[in-house]
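Here's a quick briefing to read alongside the model. Keep the viewer open and click through the residues as they come up.

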Amino acid sequence: MMALLAGGALAGCTPPDVRPAVNAKAPADLGLAGASAPAVDARWWRALGDAQLDRIVADALAGNPTLDAAAARVRQAQAALASRRAEDGPNVAFDANGTAQRLSGTYIYPPPYGGTVRFLGTAQAGLEWNLDLFGRQKAAIAGARASAQAAALDAAAARLMLQGAIVSTYLEVVRAERQAALAGRTIAARTQSLKLIDVRIRSHLASRLDREAANTLLAQAELALARAHAARALAANALAALAGRGADYPATIGATGVAAESALPLPATIPADLLARRADIAAAQARIAAAAAGRQVARRAFYPNINLSALAGLQAVGLGNLFDANSGVAGGGGAIHLPIFDNGRLKADLVGAAAGLDLAIADYNAKVVGAVREAADAVARIEAADAERAKQADVVRGYAETARLNGIRVSSGLASRLDLIETDVRLLDAELAQTNLAIDALAARAQLAQALGGGFDPSQDIKQ
């Protein structure tokens, strides 16, 4: 019989061999090679040279509700870690109670206590200490620490996402302002042209048809201006929401002052150390560590759990007796918990913990693949925007030259002003497209700055 019990005890202490089924991707698996790229400045958007943008980013970092939630999750994870640490070591508690109770006259209480109402009092201090001989509590603390690190890294990733959203939205304000400026210049030129046509009509050198053609071109420019003003208003409202501010905030956004188109000069290659640059990937790695620690907790649940306990205090019947020296009680001892048969619960917990580790690894793999794609897409957008800008400049020059030559023909009486409409309409559209491509090029560089980590520094964002 003893042999069977010993065999069952040993079997209960042996966890099954349950291993992760998913492997984390390495940089070599993703085709990352070559030297590391220069570090991205933590305030990378300052390369745009606009002090107003700095102010809006600072406002958003101070007031965005998303960051408030991320900070609360960090505090929550840190509290969980502190709670786990508190369980590792002795814990002392004091308990006291007193009740008035009628004692049974036919039970264990002798006369004169039995059959009377007496005060029953207890006051004692107790000590509990889990020795953690097999490291289960240590693994739980490691898991809580990794979870706290992941929460801090999530907050860093949220800050970068917010910075990127602010910059992207601010560039939409810049886009709208530049389109409005272009439309304004076009309106001024076409208004002047309309005045000249009116003079020519009075001199019988032009017809009402010429005036309608000029009015059509002026209306096109005015429509472009109205669209630009509406786009700026929407972008300013979006900035207010990102900054966590109200309807009065857009009024504080003045004219933009973004620097030359060559701002945000960044490498056009994907660096080999990309996976070490991003807070979201570092958070996924921390969650792998937390899940691995959870698997160790589940494995070590198969081992014996040994506790020490002690107590000292007072116990008495009658309030006056409670403080008598003879009322003292004390005790101490140890306890062991050894799983022998639990109907498969511990194994199920271990399988679940291993599956949790697989999920964490799969999430990490998805993030690194996404990170590589984001960087590659940003590089592709930069290259495409630069190439398109060069071609678009040729298109604008071509339409401008065609418009100039058509103007000469009209002034020489060789063509009608109606012949100018199509070319002038296309010229304004081409100039607006050129403005769009200039902003797209800046936005692509901002996206690359984000994809490369946006100045993430693990030594600053992981503090325990």
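Predicted model: local features only at pLDDT ≥ 70, side-chain atom pairs only at ≥ 80, totals over all residues.

The protein has 9 helices and 4 strands, and 39% of its 464 residues are buried. Once you look at contacts with a separation of 6 or more, 84% of them link residues 24 or more positions apart.

**Overall layout**

- Reading from the N terminus, the order of elements is α-α-α-β-β-α-α-α-β-β-α-α-α.
- The exposed surface comes to about 24500 Å², and carbon and sulfur atoms supply 58% of that.

**The strands**

- Strand 1 covers residues 91-102 and strand 2 covers residues 117-130; the two run antiparallel and are joined over 12 bridges.
- One place to look for that pairing is Gly98, whose bridge partner in strand 2 is Gly121.
- Strand 2 also pairs with strand 3 (residues 305-317), again in the antiparallel sense, over 11 bridges.
- On that side, Ala125 sits opposite Ala312 of strand 3.
- Leu127 and Ala310 are 183 residues apart along the chain, yet their C-alpha atoms are separated by 5.1 Å.

**The nonpolar cores**

- As a general rule for soluble globular proteins, nonpolar side chains tend to be buried together.
- Here the largest nonpolar core has 61 residues, and the ones with the most contacts inside it are Trp44, Leu53, Ile166 and Val167.
- Helix 2, helix 3 (65-87), helix 4 (136-202), helix 5 (208-242), helix 6 (279-300), helix 7 (345-411) and helix 8 (418-451) each put in at least two residues.
- Which helix gives the most to this core? That's helix 4, with 14 residues.
- Apart from this core there is another one of 12 residues, including Leu182, Ile201, Leu218 and Ala224.

**Helix 2 up close**

- Helix 2 has 13 residues and spans 19 Å from first C-alpha to last, close to the 18 Å expected at 1.5 Å a residue.
- At the start of the helix, a side-chain oxygen of Asp50 comes to within 2.9 Å of the backbone nitrogen of Gln52.
- The buried residues of helix 2 are Gln52, Leu53, Asp54, Ile56, Val57, Asp59 and Ala60.
- Asp54 has a relative accessibility of 19%, and it counts as buried because the cut-off is under 20%.
- Beyond its neighbours within four places in sequence, Asp54 is in contact with Trp45 and Arg46.
- Ala60, also in helix 2, has 0% relative accessibility, so it counts as buried.
- Ala60 and Gln163 are 103 residues apart in sequence, but 8.1 Å apart in space, C-alpha to C-alpha.

**Ala221 in helix 5**

- Ala221 lies in helix 5. Is this residue buried or exposed? With 0% relative accessibility, Ala221 counts as buried.
- Not counting residues up to four places away in sequence, Ala221 touches Ala183, Thr186, Ile187, Arg190 and Leu428.
- Ala188 is 33 residues from Ala221 along the chain, and the C-alpha atoms of the two are separated by 9.4 Å.

Terms used: Residues numbered from 1 in each chain as written. Heavy atoms only, no water. Pairing = 2+ DSSP bridges. Buried < 20%, exposed > 50% of the residue type's maximum accessible area, 1.4 Å probe, protein only. Contact = heavy atoms within 4.5 Å. Areas by Shrake-Rupley, 256 points an atom, 1.4 Å probe, with all protein chains shown as cover. Core = buried A, V, L, I, M, F, W, Y, C linked by side-chain atoms within 4.5 Å. Expected span 1.5 Å × (residues − 1). Polar contact = N/O pair within 3.5 Å; in protein donor to acceptor, adjacent residues only side chain to side chain.
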